[in-house]
Amino acid sequence: MRFDVVTIFPAMFAPVFDQGVVGRAIEKGLIELHAHDLRDHTHDRHRQVDDMPFGGGPGMVLKPEPVIEAVESIRPHNPGPVILMEPWGERLDQRLVESLAIEPGLIIVCGRYEGIDDRVRTALNAREVSIGDYVLSGGEIPAMVLVDAVARLVPGVVGDPESLAQDSFSIEPSGWPQFTRPAEYRGMSVPEVLLSGDHARIRQWRRQQASQRHGLHTKELKQT
Ligand SMILES: C[S@@+](CC[C@H](N)C(=O)[O-])C[C@H]1O[C@@H](n2cnc3c(N)ncnc32)[C@H](O)[C@@H]1O
């Protein structure tokens with residue numbers, strides 16, 4: 001799967017994705033990640049990507065032409081949907097991640113300043129995605145969250161497919177309390193059932209703990 005990210009800070013991506021699961025997947029050729037400098041798609045001496053908002057107001061807005069031209073230059077290499085990272089977009093959850101993971105690629109645009117000129121969305125038939133109801137200073141960290149979540153669903157990226165099946169929001173969610181050695185630490189013991197070797201009991205205990213946790217979480221969400 002191919003990810004193309006359009007940003008004014010392309011250098012932010014390599015240090016994050018050179019390592020870990022995604023780094024290994026890139027090395028193996030399972031995924032490709034290209035960070036494109038938005039300023040390469042400007043035509044003026046100052047490589048200006050932003051301008052004042054029509055109608056007044058504070059801050060600057062990302063101009064439509066460089067963004068649209070950047071995406072057009074990527075399009076021949078990536079047939080996937082265009083996603084604009086925006087705080088008011090569709091909320092990213094595991095279901096959305098799963099639906100994006102079956103695309104051949106994603107073209108992700110990172111906003112800055114007061115956001116992206118709205119004509120970009122119209123011209124590129126783009127989807128807007130938010131990573132949560134809070135405002136960050138740019139779309140780069142949200143784009144990294146999206147790439148990481150989607151990449152780990154690409155076949156082969158996570159070595160043991162069972163760990164995906166057991167992820168917190170999968171059909172058979174895990175999210176149960178996990179323990180490793182030592183079995184006792186500062187007076188805190190690992191639950192006896194996990195040391196019992198009785199796999200049926202362990203499975204039952206884990207299911208019960210996971211559903212308790214997920215139930216609690218849903219209740220908390222409903223109350224807010
Ligand atoms: C400072 S924010 C724009 C804030 C804008 N004034 C607002 O209130 O919605 C600049 C950029 O950061 C990114 N961003 C900030 N928070 C985000 C979030 N929760 N999810 C996705 N992108 C976000 C977007 O790309 C956005 O265009």
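Modeller: Let's start at the ligand: strand β5 (residues 82-91) gives the largest share of the shell around it, four residues. Bear in mind that this is a predicted model, where local features need pLDDT of at least 70, side-chain atom pairs count only at pLDDT 80 or more, and totals for chains, interfaces and linings use all residues. Residues are numbered from 1 along each chain as its sequence is written.

Biologist: Which residues come nearest to the ligand?

Modeller: Met85, Pro87, Gly111, Gly139 and Pro142, out of 20 residues around the ligand. To count as near, a residue needs its C-beta atom, placed from the backbone, within 6 Å of the molecule.

Biologist: How do the shell residues divide into nonpolar, polar and charged?

Modeller: There are 10 nonpolar, seven polar and three charged. Ala, Val, Leu, Ile, Met, Phe, Trp, Tyr, Cys and Pro count as nonpolar, Asp, Glu, Lys and Arg as charged, and the others, Gly among them, as polar.

Biologist: What makes something a strand or a helix here?

Modeller: Both are DSSP runs, numbered from the N terminus: helices are H or I with at least four residues, strands are E with at least two. On that basis the chain has nine helices and nine strands.

Biologist: In what order do the five strands of the open sheet come?

Modeller: The order is β2-β1-β6-β5-β7, with parallel pairing. Strands β2 (32-37) and β7 (127-130) are the edges, since each pairs on one side only.

Biologist: How do you know that β1 and β6 pair?

Modeller: Two strands pair if DSSP finds at least two bridges between them. Five bridges join β1 (residues 2-7) to β6 (residues 105-110), so they pass the cut-off of at least two. Arg2 stands opposite Gly105 in β6, and Val5 has Ile108 as its bridge partner there. Strand β5 also runs parallel to β6, joined to it by four bridges, with Leu84 opposite Val109.

Biologist: Why is β6 called largely enclosed?

Modeller: Because five of its six residues are buried. Buried means 20 or more other C-beta atoms within 10 Å of a residue's own; exposed means 12 or fewer, partly exposed is in between, and C-beta atoms are placed from the backbone. Across the chain, buried residues make up 25% of the 224 residues.

Biologist: And why is Pro64 called partly exposed?

Modeller: Pro64 has 18 other C-beta atoms within 10 Å, so it falls between the cut-offs of 12 and 20. It's found in helix α3 (residues 64-74). Leaving out residues up to four places away in sequence, Pro64 touches Asp117, Arg119 and Val120; contact means C-beta atoms, placed from the backbone, within 7 Å.

Biologist: What makes Arg47 and Asn125 worth a look?

Modeller: Their phi angles. Arg47 has a positive phi of about 50° although it is not a glycine, and Asn125, also not a glycine, has a positive phi near 50°. Arg47 lies in the loop between β2 and β3 (50-51), Asn125 in the loop between α5 (119-124) and β7.

Biologist: Which peptide bond is cis?

Modeller: The one from Arg181 to Pro182, with omega near 5°. Pro182 sits in the loop between α7 (161-165) and β8 (184-185).

Key:
Contact = placed C-beta atoms within 7 Å.
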